[in-house]
Amino acid sequence: MVFIHFHMKDYILILFILSFCLAKQSIGQNAEAKTKKEFKATKITSSIKIDGKLDESDWLNVPIATDFIDEKPVPNVSSDRVTEVKILYDDASIYVGVTMYENSKDSILRQLCLRDEGSQGFRGPFGNTNTDWFAIGFDNYMDGVNGVFFCVSAAGIQYDMKISSQGFDKNWDAVWKSDVELHDDKWVLEMEIPFSALRFPSAEEQKWHVNFTRTTRRNRAQSWWNPIDPAVDGLLNQSGILNGIKDVEPPIRLQATPYVAATVEHYREKNGNPSSKTGKSFTGGMDIKYGLNDAFTLDMTLIPNFGDVAQDDQVLNLSAFEIRFNENRPFFTEGTELFNKGRLFYSRRVGGRPLNFYDAYDSLSENEVVSSNPIETPLINALKLSGRTNSGLGIGVFNGITRKSFATIRDTLTGMTREFETNPITNYNVLVFDQNLKNNSYISLINANTTRFGDDYDANATGVVFEANNKKRTISVEGSAKLSQIFTKNTDGGTDTDLGHAYSLEVAKTGGKFNYGVYYNVESDTYNPNDLGFLYNNNERSMGTFASFNQFEPFGKFNGAGGSLSLGYNMLYEPDYYNSFNLNFNNYYILKTFFSFGYSLFAAPTRGKDYFEPRLDDGFQTYLDIPQYIGGGPWISSDYRKKFAYDVRLRYVYVNQEQRYDLGITVSPRFRFSDKIFAVWSSNYDYESNNVGFASFDENGNSVMGIRDISTVVNSLSANYIFNRNMGVTLDARHYWSKVNYDSYHHLDENGRLIPSDFSGSSNLSYNAFTIDVVYRWRFAPGSDIILVWKNGIFNADNIRTDLGYFENFKLFGDAPQNNTLTLKILYFLDYYTLKNKLKKKK
């Protein structure tokens, strides 16, 4: 392999040239945007029954929105499927009536799924569910960035989401009504969206961005009322305009969802010290939403219970960095788009692993063992205040408080126990100011603060992030500047402060088929936002370029194609040492049969230096030499409209080191047995031969590296049985197994190369994680659920039986400690405005 070395000055020159090209490209791009369609809502005084019939007289002789334009498979052409939309309103709600014509009833696909099930993105809210659907989107402040969508499938399944500069938030959950009715040549949808589900300015007449979209699954066609050009960046900025809503005051938005939950937990251990324990608990609490005014909402969770939250996908972490897990707790996933800017808020910190979790083991005296050590801190309550003013200023406040947590330590001789505090009472706060600017631009100020009661340190992180776009949204400039502060109490009674900083800048062309850009990022060696944020590692200076091309229009046998290329050059911030240079290339092709395929390539054409893997606190003087490598592989994905479909991905990495390589394969078949029963199986195998990495420390505290073989197998099954639009059962089962066997142990010389070591220990390890989540959910009333959850978890790490193959291992790990939990949770939604209107009608 050819050895290439780039100096920083070479990259600065590349960045300057590309930036100049971008600046030249932006000159003169101030043309007016396309004319937006306008639509007028009609005021009514009589009541509307939501039954999918549209048989009330109010639906007659009102304006109709039609003439939809396709976005795909062929952009910017008139849709061949007629869609008619009508909008009514009264003092309480907006009513949407939609008639969608088809050739026959059989042409209307309507697979069932759970509410809000699908991908995290709007152009496919129901993911790969084989169903037709319709959606209406509102941008009530007309900023082109923030809005909400309400979607309904032909099977009557609801899906709602928020959209912001941070992307799509499908965890946002509003309470609204809908129903559908199928006919021989069409399907009809009726929706009632309460004004209490929307935020909008107080004005005599409302003027909002609005758009309607329809997807026909049998030919994967999606059309919009106001055309969406896939070559233009953004979605809400391409909406039409809704007017005609007059004399509507934002209603009192007070909603409460009380809950009760009963849990039975059983723990069993067969090996070592056989035991069996059963525990029971009964809890109650409440989630509250209160609209302080037309724009701001206060969300609170009191005595939360997360027994119905899915288990994490645990893995064997051999890296020097923390694993980032997804947030599954509803309160922390819904309506958090303001707080997620700048990566200073990682909600798993709140109620996460205790600060001094591992110190409990370091505190042990002779004959002492840790008998219990909770891995989560108990959450007392949490609240969010968020909203946006008429001038486009978004304000967000988050507060969460956790209790103390303790480990229990037992003396094996006397049987006496003592408590060790692993986490003090902790208060978490996030404050955000986010100002919308012209051309869908913004600037945000974020502060994240962690205050601990007692002698443990406190932390604070502050950041400014911005995005500036030109009028046509073809040029974007993004940047950030952040400061972290760690406050440690010293022996003199004062406080020592450790400061760190980070900043970044990116300039990119974002509109059209061909896009490209440059970036520069710095994180100082003392920058640490991780008490409430998330950062894999600091001490980084990186820069790079990227480019992409997308062919949106069909050509030849293809519906579309595209590819991307990126180059990255990385260094340490302090000392100013070279780290790595890498490149990545990806592409895809979509046939007109909707069979897609592609391949990826990635390489490090120069030798790199890994200063983190040795895990020594020596000022980054020790590093692991990383040889050149090149890798990649193809992937294929079949047509998901068929009852049987599949995905296959292959990967091979050649490393410029004797007998070192990485081989991986993933196969994922999916079966749609009927519109009610659906299952996806995924099987992944990965083998790394002669991998080099950290193994242990020797008796002198020196880093011991090892040459090792790593085998990892992951099998998972996701299955749904959906009884009807309000009731279903889901199954998620996963077995993860990773085995690490070391062939030899080494130290590092001054050039990062391996030299012989007399280390006599063993770091071989076999790790199993087996989880099952079965959830029965019945939405028995709007916003109200009965949830029954069974969870099974088996986790086992073995450093002795690492010679076993996969099936031999599978037979044995069933005897490992396991935990079973059964939870019944009942939630009931209460809305002040709805109750008030019901009482009025009774009078």
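Asp80 is exposed, with a relative accessible area of 64%. Exposed here means over 50%, buried under 20%, and partly exposed in between, with a 1.4 Å probe and protein chains only. The partner of Asp80 is Arg81, and their side chains meet in a salt bridge at 2.9 Å, N to O. Arg81 is buried, at 6% relative accessible area. By salt bridge I mean a side-chain nitrogen of Lys or Arg within 4 Å of a carboxyl oxygen of Asp or Glu.

Now the ground rules. This is a predicted model, where local features need pLDDT of at least 70, side-chain atom pairs count only at pLDDT 80 or more, and totals for chains, interfaces and linings use all residues. Residues are numbered from 1 along each chain as its sequence is written, and side-chain values use heavy atoms, with hydrogens and water left out.

Confidence next. pLDDT is the predictor's confidence in each residue, from 0 to 100. The protein chain averages 91, and 94% of the residues score at least 70. Where does pLDDT stay under 50? Over residues 1–17, for which the model has 34 contacts beyond four places in sequence. Also over residues 19–33, with 21 such contacts. Contact means heavy atoms within 4.5 Å.

Back to salt bridges. The structure holds 34 of them. Take Asp179 and Arg725, whose side chains meet at 2.8 Å, N to O. Asp179 lies in strand 11, and Arg725 in the loop between strand 40 (703–724) and strand 41 (727–748), so the pair ties together parts that are 546 residues apart in sequence. Arg725 is partly exposed, at 32% relative accessible area.

Next pair: Arg348 and Asp312, at 2.6 Å, N to O. Arg348 is buried, at 19%. Asp312 is buried too, at 18%. There is also a network: salt bridges with shared partners join Arg115, Asp116, Asp160, Asp173, Arg779 and Asp785.

On to strands. Helices (H or I, at least four residues) and strands (E, at least two) are DSSP runs, numbered from the N terminus. Two strands pair if DSSP finds at least two bridges between them. Five strands form an open sheet, ordered 2-5-6-12-11, with mixed pairing. Strand 2 (42–43) and strand 11 (177–182) are at the edges with a single partner strand each, so one side of each has no neighbour in the sheet. Inside that order, strand 6 (residues 93–101) and strand 12 (residues 186–194) pair antiparallel over nine bridges. Thr99 stands opposite Val188 in strand 12.

Further along, strand 32 (residues 578–591) and strand 33 (residues 596–604) run antiparallel, joined by eight bridges. They form a hairpin with four residues between them, and Phe594 in the turn has a positive phi of about 65°. Strand 33 also runs antiparallel to strand 36 (residues 629–637), over nine bridges.

Last, the packing. A nonpolar core is a set of buried Ala, Val, Leu, Ile, Met, Phe, Trp, Tyr and Cys residues joined through side-chain atoms within 4.5 Å. The largest has 38 residues, and those with the most contacts inside it are Ile94, Ile136, Phe138, Phe150 and Phe212. Strand 6 and strand 12 are among the elements giving it two or more residues. A second, separate core of 22 residues includes Phe339, Leu379, Ala448 and Ala502.
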